[in-house]
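Look at the chain below before you read on.

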Amino acid sequence: MHQLTDNIYTTNSWNIKNNKTDQDQIINNGSIFLIGNGYMGYRGTLVEWNADQYVGCFITDTYDKADDKWKELCNVPNPLYTELEIEGESLSVFSNDIKRHNIQLDLRHGIFKRSTVLKTKDNIEVQIESERFASLANLHLLPMKYSIVADKACKVKIKTGIDGRVWDLHGKHLEKFNVFEEDGLISVQTFTKDKGIELDVVTNSILSDDIKFDYTFKKEHDSIYKLLEFNIKKGEEFTFYNIASIYSSNDVKKPLKTAKANCEESIATSYIDLKKENNKLWDQLWKDIDIKIQNDPINQVALRFNLYQNIIATPMHSQKLPIGARGLSCQAYQGAAFWDQEIFNLPMFLFTKPGIAKNLLTYRYKTLDGARKKAKNLGYRGAFYAWISGKTGEELCPSYFFNDVLSGREIHNHFNDWQIHVSPDIAYTVWYYYKVTGDFKFIIDCGAEIIFEVARFLYSHSYYKMDKDRFEFIRLLGPDEYHENIDNNAYTNYLSKRVLEIAIKIYYKMNRETKENLEKIMDKIALKEKEIIDWEKMKEKLYLPEINNKTELIEQFDGYFDHEDTTPQILKKRLLDSDEYWGWPNGVAVETQVIKQADVIQLFCINNDFDKSVMKKNYEYYEARTQHGSSLSPSAYAIIAAKVGLKEEAFDFFKDSLFIDIDNKNKSISGGTFIGGIHTAACGAAWQIIVKGFAGMEVLSDGILFKPHIPKRWESFTFKIKYMGQKFRVKINHKNIIINSLKTNDHSVYFTINDKTYKINSKEQLVINY
């Protein structure tokens, strides 16, 4: 057994467990022990709990607005509710004497398990065992197994079914509840308040044949239950299975009918077979995505936890849906995409399951009209992607995001109109996808249009300063969200220049190789050749904050170095309330050099043009001034610390990033707004820390580069990557790097190890000392 935190431990590096029942940890445990499959996320709560304990089953593609402000995903009635009575006494971990209690999450197969022994007032010890999973084989299916054993003969009552008490963050989304029972199936049909989306939950039970029992059905307001009554002998086990099916009218035309059919068909299959089908698909995912660490069981399981959460947050089945910033763990951040999706979540899939990465970028193509609409509404041309993007790509981010905890007034932030880097983030990632996969057909079909429209937006947003003979970007908000209304943010400007270069390169490549397709795109978006000339001019004259010759520092934005030079520790002492928002317009950090998260350092994570000395000097300067108030920050600092040879600091940030959710270091409320749940971007970034940081991987124009920086305490680590359709297994220890070209490969690839390049053919092994 290895202890990860005070409450959480692991027994085999593929599970996490908790044997405590701290009521203060209910919210956190519900997120940590989440099960899901990209379509639904079911929180890690006990089946006898309800909305008061933050039970949640969140369904993708159910965006709805209940309070005229927040459009978010819906939580459906709980289809697995199960209440147990022994001799008339309702059992609870909060009121009964607990002899033993444990919950666990099987990361390998996405299975939540619970084992509890409670003592009743009549001195009867009752053991409860249950498990559940959100099926990967049937995305709409949520099967559960539930068993009880008592140490004395007793009378048992079980109330199981669909609980209509629903936890919502911003108003009640579901209304018009219709409750049915038909041929053993129980159903709750609901409709959302704003969009009228039909959301239906159907459950059926497989009951034990070994025990005689009576059952009836009971409707309670918006709920419906099956009531079981029976007697069990001492040591006799009673087991039943609930099979739940969930559909919305965004999935199919007749969701209730489809959910019933799916439930009936699945009931005909044994629970064991349903579980085997699920496990098989999980095994296939882990075969490509897993990273093995030798000699570090604690960080091994923490890493797998993060990879697992990145998987279940991702709508792998769809090209029209995003990864939510909190995945499907709650309604915070609206189940919508930020820049996180491309910069933090997507790279893991790009190098392991590129089809999933393609789906995510196709989503951006399908939401291009929403980005065009936003740009037009703000007076620009091209595509200005939503800061918070749902199904349509229209902006979901309200202008008033936080509350001033001192005055109670809303704070007007500009995440939705000044944080323009989201558009070049997406365009850059489209090109990055092509560099890794060689899939130019995607560029022709989708990518070129995205990149051209983003380049068009950047040109229309820029300002040409005649007196300085240069283009600039003003009134910005960079990755550091504490400083708004700034000019020439280094991250934004450098990335924008790169995207202009990419747009020009694609234009000329298509003009040479597939002119007919280029002309179709130009006609579709009314792109003129003069615009390409404008982009070329802007690329040459776009202002980039320069590297200072003496200090080697890059100024984060114009005037940043003129701000008060202080530290997060000092600023914290100036707070009048611990929940104060530190940023714009009047937070304690606004007039200082203290930043929320990696900004210049984030630039280094996606731009490999800076030398080691420059990265190190900036790392040392900005890290001392970074609050790390975002879950995105530790991963960037970990990657760059590794690249510049600061192995211990890199390892410390690596652990900080891995444990953001497991150890719950970040605040659940900021500026009066609930922002809890799983931090999916940090989960996706865990893969990047290992592969881009400790392995030092970069994509070159003609192959892959590795500059290893293995942590001292590890013996080795192993991972797989897919590049240009070829799969490779990479193992790095303290002496050498071993690259195996897998047997499915059909052509050679060049690998550069530090400064020397090698060619590896299909089925060959390359062993290089470094």
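How many salt bridges does the count come to? The count comes to 40 salt bridges. A salt bridge here is a side-chain nitrogen of Lys or Arg within 4 Å of a carboxyl oxygen of Asp or Glu.

This is a predicted model, where local features need pLDDT of at least 70, side-chain atom pairs count only at pLDDT 80 or more, and totals for chains, interfaces and linings use all residues. Residues are numbered from 1 along each chain as its sequence is written, and side-chain values use heavy atoms, with hydrogens and water left out.

| Lys-159 | Glu-220 | 3.1 Å |

Take the pair Lys-159 and Glu-220, joined by a salt bridge. This pair links distant parts of the chain: Lys-159 sits in strand β14 (residues 154–163), Glu-220 in strand β18 (residues 213–220), and they are 61 residues apart. Helices (H or I, at least four residues) and strands (E, at least two) are DSSP runs, numbered from the N terminus. Is Lys-159 buried or exposed? Lys-159 counts as buried, at 18% relative accessibility. Glu-220 has 22% and counts as partly exposed. The cut-offs are these: buried means under 20% relative accessible area, exposed over 50%, and partly exposed in between (1.4 Å probe, protein chains only).

Now turn to Glu-449. Lys-524 lies in helix α11 (residues 515–525) and Glu-449 in helix α9, so here the tied parts are 75 residues apart in sequence. Glu-449 is buried, with a relative accessible area of 4%, whereas Lys-524 counts as exposed at 55%.

These residues belong to a wider set. A network of salt bridges links Asp-369, Arg-372, Arg-381, Glu-449, Glu-453, Arg-456, Lys-524 and Glu-531.

**The whole chain**

How many helices and strands are there in the chain? The chain has 18 helices and 37 strands. Its C-alpha atoms fill a box of roughly 90 × 60 × 55 Å, taken along the principal axes. The radius of gyration is 27 Å, which agrees with the value near 27 Å for a compact globule with 770 residues. That radius is taken over C-alpha atoms, and the globule rule is 2.2 Å times the number of residues to the power 0.38.

Of the 770 residues, 64% count as buried. Contact means heavy atoms within 4.5 Å. Among contacts between residues at least 6 apart in sequence, 66% join residues at least 24 apart.

**Single residues**

Thr-429 lies in helix α8 (residues 422–437). Thr-429 is buried, at 1% relative accessibility. Leaving aside neighbours within four places in sequence, Thr-429 is in contact with Glu-342, Ile-343, Leu-346 and Leu-361.

Asn-279 is in helix α3 (residues 271–289). This residue is buried too, with a relative accessible area of 15%. Not counting residues up to four places away in sequence, Asn-279 touches His-109 and Ile-111.

Where is Ser-748? Ser-748 has its place in the loop between β34 (736–741) and β35 (749–753). Ser-748 counts as partly exposed, at 28%. Beyond its neighbours within four places in sequence, Ser-748 is in contact with Lys-759, Ile-760 and Asn-761. Ser-748 and Gly-703 are 45 residues apart in sequence and 10.0 Å apart in space, C-alpha to C-alpha.

**Backbone details**

A cis peptide bond joins Trp-584 and Pro-585, with omega about 0°. Pro-585 is in the loop between α13 (568–574) and α14 (600–606).

Tyr-333 has a phi near 60°, a positive value in a residue other than glycine. Tyr-333 is in the loop between α4 (297–312) and α5 (340–350), and is buried at 18%. Ala-526 has a positive phi as well, near 55°. Ala-526 lies in the loop between α11 and α12 (529–541), and is partly exposed at 42%.
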